[in-house]
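Have the structure open while you read.

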Amino acid sequence: MMAGIRLIEVKEEILSDNTKTAGQIRERLRAANTLLLNLMSSPGSGKTSLLLRTIEGLKGSLRLGVIEADIDSVVDAEKVAARGIPAVQLRTGGFCHLDAAMVTRGIDALDIDKLDLVVIENVGNLVCPAEFDTGAHRNVMILSVPEGDDKPLKYPLMFSVCDLLLVNKIDFLSLSDFNMALLRERVLALNPRIKILEISCKTGAGIEDWIAWLKGEAAGFNV
Amino acid sequence: MHELPITESILKIVLKHAEANGVRKVKTVHLKIGRLSDLEDEWIQRYFNYLSKGTLAEGAKIGIERTPIVMRCNGCSGSYEWELAKMDDVICPACGGKGGTLLSGREYTIKEMEVE
């Protein structure tokens, strides 16, 4: 070793700032009795369609707010806001994921004391959003049938961090070689505590199960 | 894909420790990154070169140690290492039980640095 060179032990988490901010978000929303849910998926898997179904299904029960993070577009937030739901559009400017600091800005823009549930529509991507704690109390992902049953192999981390998997577009099952039993086996091998629901935002199949899950989580949260 | 914000965090922590220790120059930064994390070593170095210009850490080399994916069997509770390429088919080598709970493999840690 060269003279004058020494070693400094650092032992610090690279994402410690984000983890700290995420923890603050969770505490703040828990104090307000507001459940924060992080919704992740590939582009085109049905996040916005699911939100629209959710708005309909929760009418008269849970008060919902939405934080939208889809890249450089206000289309999704406008669709949500047009239904009378408070929606914030975050400008992620081509960023591949949301971090806790960005979510904080979204929450600041909502009146959380008047909301029971806030859904973050994360950036459409199965890699990066899985790595960053958003401060959400629950992580939910959508996998749509046309994407294929091999996705747990390619994106194991995403499947590992989620509490619920929604398999969307089951109306496509008869047209595809998607193997639901194999998918379930692959997902549960990665994450034995995950719940899996089969839905179709198009036909409405399974949507009542999703709404029931949401109500259950929110009710448990308020205890 | 998100090497840039990760590298910003790395530099921030490196400079904090460098200043606290009265360092003249940071030579090498050693990271421990779990195999489940999708980071490209080359891009971390490139972004670091760019971001660290004009700081104590300019020109430092980034060394990355990949830490293994470790699962705990849901059946026998034993823990074992598993390969990323076989994550869709996790089988406990001890009891043959399918699946498990992830114990480690997601690390994002700065271990140590060599400084002058």
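A residue counts as buried if 20 or more other C-beta atoms lie within 10 Å of its own, exposed if 12 or fewer, and partly exposed in between, with C-beta atoms placed from the backbone. What you're looking at is a predicted model, where local features need pLDDT of at least 70, side-chain atom pairs count only at pLDDT 80 or more, and totals for chains, interfaces and linings use all residues. Residues are numbered from 1 along each chain as its sequence is written, while chains are lettered from A and ligands numbered from 1 in the order in which they are written.

Let's start with the backbone. Most residues other than glycine have a negative phi.

| Residue | Phi | Other C-beta atoms within 10 Å | Class |
|---|---|---|---|
| Lys11(A) | about 45 degrees | 11 C-beta atoms | exposed |
| Ser77(B) | about 65 degrees | 13 C-beta atoms | partly exposed |

Lys11(A) sits in strand β1 of chain A, and Ser77(B) is in the loop between β3 (69–73) and β4 (79–82) of chain B. Helices (H or I, at least four residues) and strands (E, at least two) are DSSP runs, numbered from the N terminus.

On to the interface. Counting two residues as in contact if their C-beta atoms, placed from the backbone, lie within 7 Å, 29 residues of chain A touch 31 residues of chain B. On the chain A side, β1 (6–13), α5 (151–154), α6 (156–161) and α7 (180–190) each give two or more residues. β1(A) gives the most, with eight residues. β1(A) also runs antiparallel to strand β6 (residues 108–115) of chain B, joined by six bridges; strands pair if DSSP finds at least two bridges between them. One bridge pairs Glu13(A) with Thr109(B).

Now for the inside. A nonpolar core is a set of buried Ala, Val, Leu, Ile, Met, Phe, Trp, Tyr and Cys residues joined through C-beta atoms within 7 Å. The largest one has 69 residues, and Leu37(A), Leu117(A), Val119(A), Ile120(A) and Met158(A) touch the most other members. Strand β2 (residues 35–41) of chain A supplies the largest share of this core, five residues. Leaving aside residues up to four places away in sequence, Val119(A) touches Leu37(A), Leu39(A), Leu51(A), Leu64(A) and Val66(A). A second, separate core of 23 residues includes Ile13(B), Leu31(B), Leu39(B) and Tyr108(B).
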